[in-house]
Amino acid sequence: MKSRIYLIGNAGILIESQGKACLIDGLYDCSGTGFHASPIPESIYQDLFEKEGKLPKPDYLIFSHCHFDHYSKKLLCTYLAEHRPRAVFLPDQKESLSILEDTGNPESIRYISGNYEAYQVEKEIEISFIKTRHLGKNFGDTLHFCVILEIFRERFLLTADVDFFSEDFQRFPHKHFQGIFVNPLFYHHPVGQDILLDIFSTEYIFVYHLPFTEDDQWHLQHMVTKDIERYNSKIPVIPFQKPGQTFRVERIWEGGENL
């Protein structure tokens, strides 16, 4: 099977396979303070929201946590006013609790709070949530999840803003993935490299949560380029940093763990 991955912006990723699509952290805002996020490009916004848009329409909306650069209540309500995904998965935190009151499609909302929750939403699609710490001492109260998406026998791990310094990745239910998504700080630090090489195995490493060039005030794109050269990984590393960027997954790995 071959999945296609679309960058929406920042950590917003749309994964599609065989006519089924999942949108992860793809309805967000960039107007908050702190980490600077590029806005969703207007053309991508239109393709995502318009019924005749070019992007696959997501069957499932998934959110790792409720920070503005991953989740916008306003944008989600706007989307749900016109579209009917099969399910929406939200952290069970105060920033998202009033969604039931604001949408005409409350039966589709699933609030996530447990240490580990797995949903077999279709025969060939499973969405799992692993409660993890958010990076940074100021975010100790943030309800944050790493997301595992299995779609037609391909498995992806999206780590969002996980605290890779203190989290126990050995407890994750799977260790092999077609692709692992990490933010630039995760990929930059030797601790993150050890996790990617010693705990997990993957066919691709995707570095996401990157601003577009015009918004890259901290030169994160340059940092990631240098890190790729420095670590010289045998695993293909794909930075997601260009508006409209897409990637088709090619199966490399065939042995070992039964997917």
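1. A residue is called buried here when its relative accessible area is under 20%. In this predicted model, C77 has a relative accessible area of 17% and is therefore buried. C66, at 9%, is buried as well. As for cysteine pairing, the whole structure contains zero disulfides.

2. The sheet to look at is an open one of seven strands with mixed pairing, ordered β7-β8-β9-β10-β11-β12-β13. Its edges are β7 (116–122) and β13 (237–239); each has a single partner strand, so one side of each lacks a neighbour in the sheet. From one strand to the next, the twist averages 20°.

3. Strands of a sheet pair through backbone hydrogen bonds, in either a parallel or an antiparallel manner.

4. The largest nonpolar core has 33 residues. Those touching the most other members are I5, I13, I15, I127, F181 and F240. Strand β9 (residues 144–151) supplies the largest share of this core, with four residues.

5. I127 deserves a separate entry. With neighbours within four places in sequence set aside, I127 is in contact with Y60, I62, F89, E117, A118, Y119, V121, V147, I148 and L149.

Note on methods. Residues are numbered from 1 along each chain as its sequence is written. This is a predicted model: local features need pLDDT of at least 70, side-chain atom pairs count only at pLDDT 80 or more; totals for chains, interfaces and linings use all residues. Side-chain values use heavy atoms; hydrogens and water are left out. Two strands pair if DSSP finds at least two bridges between them. Helices (H or I, at least four residues) and strands (E, at least two) are DSSP runs, numbered from the N terminus. Axes are lines fitted to C-alpha atoms, for helices over the stretch in contact, and angles run from 0 to 180 degrees between N-to-C directions. A nonpolar core is a set of buried Ala, Val, Leu, Ile, Met, Phe, Trp, Tyr and Cys residues joined through side-chain atoms within 4.5 Å. Buried means under 20% relative accessible area, exposed over 50%, partly exposed in between (1.4 Å probe, protein chains only). Contact means heavy atoms within 4.5 Å. A disulfide is a pair of cysteine sulfur atoms within 2.5 Å.
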